[in-house]
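Let's take a walk through this fold together, one piece at a time. Have the structure open and turn it as you read.

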Amino acid sequence: MGSQQYQQQHPSSLAYFWLNSLESLLNAFVELDPTTRHQLVQLEGIVVRVKTFAPYQVFYLLFTSHGIEVSPQPQGEVQIRLSGKVRDLVWTFLGLESEQYAESKGHLHLWGDNTLLQQLRGLLQEFNIRSAIAHWLKSHLPLNALWHKLTEQDLSWLRDLQPIPELIKQTRQEIAVLNSELQQQKQQINELQSLVKQQLSYSQSLLKLSIALIVLSSSLIILNFIH
């Protein structure tokens, strides 16, 4: 039995930790996008065999209605196979490289049942298009350092990414609060502008009335003078 086959059938505690961390991270990112969560229902029951290089690892993804399960053994019949370097898989999932580009350049390889394959491709493509992850990472994380770790097979990249979903949630909440405050300020400004317009209208009316009174008074004085 080859060393790779043995590792697949007898995963180490480090491998279990890696897979558990990956599952947690995948589902945390999925939770950031309600549309992606909804699309998982269409993929429910699909088993994907993932083989990575640099470092070598084989594991399985089981799509369920509530998330993605990651395990060292298949939880059913494998319908789709996915392979590529860890760095390219991560880069694609984070939306830093499109799924179409990764496949066209040979960075990723997907094959299996055509119908299910198109559904999975659609999920990956739409997630990359919609994902705020890439925008957040580009503005908050040194991507060169992340790429270096992925290239050097430094598994600490997984630890580094663990807090990212929660930080993105916090950023979104802060933006939502700022937007709410901005809307309140806009409402206050609109109300103030409306009040100023009313006061200006009142002032114009008073000015017209004053002019009319002055004209009337002047007319009365002239009439009295004539008589």
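Predicted model: local features only at pLDDT ≥ 70, side-chain atom pairs only at ≥ 80, totals over all residues.

First, the overall picture. The protein chain has 10 helices and five strands, and buried residues account for 34% of its 227 residues. Of the contacts between residues at least 6 apart in sequence, 68% join residues at least 24 apart.

The peptide bond from Ala 54 to Pro 55 is cis, with omega near 5°. Ala 54 belongs to the loop between strand 1 and strand 2 as well, and its phi is near 55°, a positive value in a residue other than glycine. Is Ala 54 buried, exposed or partly exposed? Its relative accessibility is 29%, so Ala 54 counts as partly exposed. The hairpin of strand 1 and strand 2 has three residues between the strands.

Now follow the strands themselves. Strand 1 (residues 47-53) and strand 2 run antiparallel, joined by six bridges, and Thr 52 stands opposite Gln 57 in strand 2. On the way to strand 3 (residues 67-71) the chain makes another hairpin, with two residues linking strand 2 to strand 3. This pair is antiparallel too, with five bridges, and here Phe 63 stands opposite Ile 68 in strand 3.

Eight of the eight residues of strand 2 (residues 57-64) are buried, so the strand is largely enclosed by the rest of the structure.

One of the neighbours of Phe 63 is Leu 43, which also touches Gln 119, Leu 120 and Leu 123, leaving aside residues up to four places away in sequence. Leu 43 lies in the loop between helix 3 (34-40) and strand 1. With a relative accessibility of 2%, Leu 43 counts as buried. Leu 43 and Leu 116 are 73 residues apart in sequence, yet their C-alpha atoms are 7.7 Å apart in space.

On to the helices. Helix 7 (residues 133-140) has Ile 133, Ala 134, Trp 136 and Leu 137 as its buried residues. Seen down the axis of helix 7, these fall within an arc of 160°, so they line one face of the helix.

Finally, find helix 4 (residues 86-93) and helix 8 (residues 143-151): their axes come within 8 Å and cross at roughly 145°. The crossing of helix 4 and helix 8 is right-handed. Where they meet, helix 4 brings Val 86, Arg 87, Asp 88, Val 90 and Trp 91, and helix 8 brings Leu 143, Leu 146, Trp 147, Leu 150 and Thr 151. Sorted by class, the contact of helix 4 with helix 8 has seven nonpolar, one polar and two charged residues.

Technical notes:
Residues numbered from 1 in each chain as written. Heavy atoms only, no water. Buried < 20%, exposed > 50% of the residue type's maximum accessible area, 1.4 Å probe, protein only. Helix = DSSP H or I, 4+ residues; strand = E, 2+ residues; numbered from the N terminus. Pairing = 2+ DSSP bridges. Arc of directions from axis to C-beta. Axes fitted to C-alpha atoms, helices over the stretch in contact; angles between N-to-C directions. Left-handed = near helix turned anticlockwise from the far one by under 90°. Contact = heavy atoms within 4.5 Å. Nonpolar A, V, L, I, M, F, W, Y, C, P; charged D, E, K, R; others polar.
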